[in-house]
Amino acid sequence: MTQTPQLSDGNLWLHFTRTDDWRGPRPSVPILDRGEGCYVWDTEGRRYLDGLSALFCVQVGYGREEMVEAAQRQMRKLPFATNWGTAHQPAIDLAAALAERFPGDLDHVFFVNSGSEAVETALKLARQYHTANGEPGRHKVISRNYSYHGTTLGALGVTGLAGARAPYEPLIPGHHHVPNTNQYRCQSSPNCAPCDLMCAMAVERTIVAEGPDKVSAVFLEPVQNAGGCFTPPPGYLQQVRDICDRYGVLLVSDEVICAFGRLGTWTGAERYGFAPDIITFAKGVTSAYAPLAGAVFNHRIADALSSERGKMFNHGATWGGHPVSCAVALANIGVFESEDVLGNVQRNEDWLGGQLRELQARHEIVGDVRGTGYFWALELVADREHKVLFTPEQSEQLLRGFLSTRLLELGLICRADDRDEPVIQISPPLIADRTILGEMVDILDQVLGEATKRMQNGHPGKPDHERTMPTQPEGGSAL
Ligand code: PMP
């Protein structure tokens, strides 16, 4: 009798996961088997509340028959056709649906398969736009420190995480990184009182320093994930928009995480009332029932790429806008609207924020709570009064040696991450009600209490031999 293949056989290689967590006789990563609503079960039958929506993407939860049926119908009718020399109705319908729901004149949709490809697409759209306008010298790109924008070499250049970039340098030249909107540790005006928007002015300074006629685009997330939910101070996004306009630079809102309800609106641009030239999206567009991503762009760009006979966007991907994925995305939009998923987030976001702030009040270890919608982070500190960071050793012991393990033991998937300061990232499915959110908060409450005691006793983590579950390494899964 042949045996069931095991992760420990070493055939499957995991993404952004320390090899010592899964190579060897006793891998510590859970092997997930099935899902229902906001919960998943592993192959041992253990149940977890998915407080990360897989990776910020299972917006409408698991086990949705609507999505399965949409995929089956499309597979039976026409399993595949390209958007490359031909077109198909699911892609046409989905592009129209996105144009209707994305703000302003963001009416043109180019489909690809992943967030990284969406960022590559935006990089190329911007370059070709400038070339079409007689400015081929505009190739530099500005993005923010600690941001994550993907793994392909162009997107990795946009990414501002040194640890993710280092093994692959030299990267494509011309990428420059500016301060993000970390209000908790802002050097210029702590806690924005009053906020002088130095972070926006840094964008302008960099454009001027690099040569305004050389800069193609500014990339940013409305709420930056890596580092832990850096929300924009009031006026920041509008000021960056003005700066881009002043120097003829395109503004790209990377909404691979923020779009499709994570912030309680279809897009982060809508949530914060600013007008990017391009929005990149992925993850939530299908609630992760099928891979799909893309870039939505405005008339300016569309006109520049099509004004002359024979012109085209010189870019494509075989699977881009796969008909099955497009059919699933349309079903997903149907669920969002029939169940008022955005309304659910809007009704609960303040309550969830309040619950997390209560955790902060109860546990000394929580230095900051930040976020919006169903997208939150708790920053952990060694000394709250003085915002003192953990040493790298303490951080390693706390996150890797204790928190990640303990959260999983108590049945909660969320992320303990230390690519900037240590944070716990929380991003539940958008259908979660207050009972489910409360269950998540209760588990966090218990774990933070235990973590605080360990820190006070000088033992932030378990001894090495007791480690079982993994966390994310620096430069690791920023997704
Ligand atoms: N941009 C952002 C903002 C992301 O968070 C991610 C990954 N989550 C990406 C791009 C890359 O997406 P993917 O992993 O689908 O390539």
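## A sheet and its helices

Helix H13, which covers residues 392-409, lies across S12, S14 and S15 and runs at about 175 degrees to S14. The model described here is a predicted one. Helix H12, made of residues 341-362, lies across S11, S12 and strand S15 (423-426), with its direction at about 175 degrees to S11.

| Helix | Residues | Lies across | Angle |
|---|---|---|---|
| H12 | 341-362 | S11, S12, S15 | about 175 degrees to S11 |
| H13 | 392-409 | S12, S14, S15 | about 175 degrees to S14 |

The sheet that these strands belong to is open and has 4 strands, which follow the order S11-S12-S15-S14 with antiparallel pairing. Because strand S11 (366-372) and strand S14 (415-417) each have a single partner strand, they stand at the edges, and one side of each is left without a neighbour in the sheet. On average, and with direction ignored, neighbouring strands of this sheet are turned by 20 degrees against each other.

Between S11 and strand S12, which spans residues 375-380, the antiparallel pairing extends over 6 bridges. Within this pair of strands, Val366 stands opposite Leu380 in S12.

Conventions. Residues numbered from 1 in each chain as written. Predicted model: local features only at pLDDT ≥ 70, side-chain atom pairs only at ≥ 80, totals over all residues. Heavy atoms only, no water. Pairing = 2+ DSSP bridges. Helix = DSSP H or I, 4+ residues; strand = E, 2+ residues; numbered from the N terminus. Axes fitted to C-alpha atoms, helices over the stretch in contact; angles between N-to-C directions. Contact = heavy atoms within 4.5 Å.
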